[in-house]
Amino acid sequence: MGNILEFRHIDAGYGRIQILNDLSFSVEEGQVFGVIGPNGSGKSTMFNALLGTIRPTSGAIYFDNIDITRTPPHVRCRMGLGRTFQIPKPFENMSVYENVLVAAVHGTGQSEKKAGHAAIDVLKLTGLYEKREMLSGELPLLDRKRLEVARAIGTSPKLLLLDEVAAGLTDAEVKDMMRLVKDLKNTGYSIIWIEHIIQTMLGSTDQLMCMAEGQCVITGDPEEVINSKIVQTLYLGVDDSE
Ligand SMILES: Nc1ncnc2c1ncn2[C@@H]1O[C@H](COP(=O)(O)OP(=O)(O)OP(=O)(O)O)[C@@H](O)[C@H]1O
């Protein structure tokens, strides 16, 4: 399969502060692409550049072989980019079902009836179907994270961006989340997954990239990346100089 995404030499940041420095990488269609890196290395900023909330000062981003570098964020969403937020942001006073429905209507522009069918499928896939009538504000953390994923896939993305969906979960819950990501992959989604928990990345990703100072320092087989000297030094703080 071809690439669903290519970052080509992206420089980007906030105002005059440059965070991404000549960032290049590509994601193959149908894969789970993990992203790790120390705090402040630019992982969320990469998502911001991809979603169009910040604009690169140079380089190009290709999504599904289309140059989207100057495409407005709402158009990118309709083109098939869906994201979760680090801190779940559901509409607390709406039911689980309504939260996914809103995402499906606004993200795809389809009728409420069609979006309603899609929302039910999404709730079944994410394990929330039995809880569809609950107010989202009443959900425990794992289910709030599931809902965050459900709202993102409610927009029918071709590429799903997961931002630390395992953060704050217990070990058993992390395993549930890993299973969900596998199910999503098997359903056909391409996924970029930013996460701090390295074990999660080992078991669930096809390719892994480590970022530092706004650049890709290594990318490849997850086990090789995690065991590489550069990652041991940079990310885990292990000094390999001895
Ligand atoms: N809105 C902003 N304005 C200015 N600087 C920002 C803004 N958002 C992030 N930064 C800075 O950009 C740098 C990269 O931050 P970013 O959140 O992309 O890193 P990260 O790798 O996602 O970190 P973490 O793992 O802690 O989430 C940091 O130095 C951060 O302080």
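The structure is a predicted model, in which local features need pLDDT of at least 70, side-chain atom pairs count only at pLDDT 80 or more, and totals for chains, interfaces and linings use all residues. Residues are numbered from 1 along each chain as its sequence is written. pLDDT is the predictor's confidence in each residue, from 0 to 100. The chain has a mean pLDDT of 92, and 97% of its residues reach 70 or more. The model's ipTM is 0.97 and its pTM 0.92.

A residue belongs to the shell if its C-beta atom, placed from the backbone, lies within 6 Å of the molecule. The shell consists of Tyr-14, Ile-17, Ile-19, Gly-37, Asn-39, Gly-40, Ser-41, Gly-42, Lys-43, Ser-44 and Thr-45. Helices (H or I, at least four residues) and strands (E, at least two) are DSSP runs, numbered from the N terminus. The largest share of the shell, 3 residues, is from α1. By class, the shell holds 3 nonpolar, 7 polar and 1 charged residues. Here Ala, Val, Leu, Ile, Met, Phe, Trp, Tyr, Cys and Pro count as nonpolar, Asp, Glu, Lys and Arg as charged, and the others, Gly among them, as polar.

Now turn to helix α4, residues 112-125. The expected span is 1.5 Å times one less than the number of residues. Which residues of α4 are buried? They are Ala-115, Ala-118, Ala-119, Val-122 and Leu-123. These cover an arc of only 140° around the axis, so they sit on the same side of α4. The arc is that of the directions from the helix axis to the C-beta atoms. Lys-113, Lys-114 and His-117 are exposed on the other side of α4. A residue is buried if 20 or more other C-beta atoms, placed from the backbone, lie within 10 Å of its own, exposed if 12 or fewer, and partly exposed in between. The cover over the buried residues of α4 includes α3 (96-108) and α5 (141-154). After α4 comes Gly-127, with a positive phi near 75°.

Helix α5 also has 14 residues, and it reaches 19 Å from first C-alpha to last, close to the 20 Å expected. Of those residues, 12 are buried, so α5 is largely enclosed by the rest of the structure. Among them are Leu-142, Leu-147, Val-149 and Ile-153, along with Asp-143, Lys-145, Arg-146, Glu-148 and Arg-151. The cover includes β6 (81-83), α3, α4, β7 (159-163) and α6 (171-187).

Two backbone details remain. Most residues other than glycine have a negative phi. Ser-156, in the loop between α5 and β7, has a positive phi of about 55° although it is not a glycine. Ser-156 has 19 C-beta neighbours inside 10 Å, so it counts as partly exposed. His-9, in strand β1, has a positive phi near 55° too. With 13 such neighbours, His-9 is partly exposed.

Arg-8 lies in β1, residues 3-14. Its 17 C-beta neighbours inside 10 Å make Arg-8 partly exposed. Beyond its neighbours within four places in sequence, Arg-8 is in contact (C-beta atoms within 7 Å) with Ser-24, Gly-59 and Ala-60.

Key
Two residues are in contact if their C-beta atoms, placed from the backbone, lie within 7 Å.
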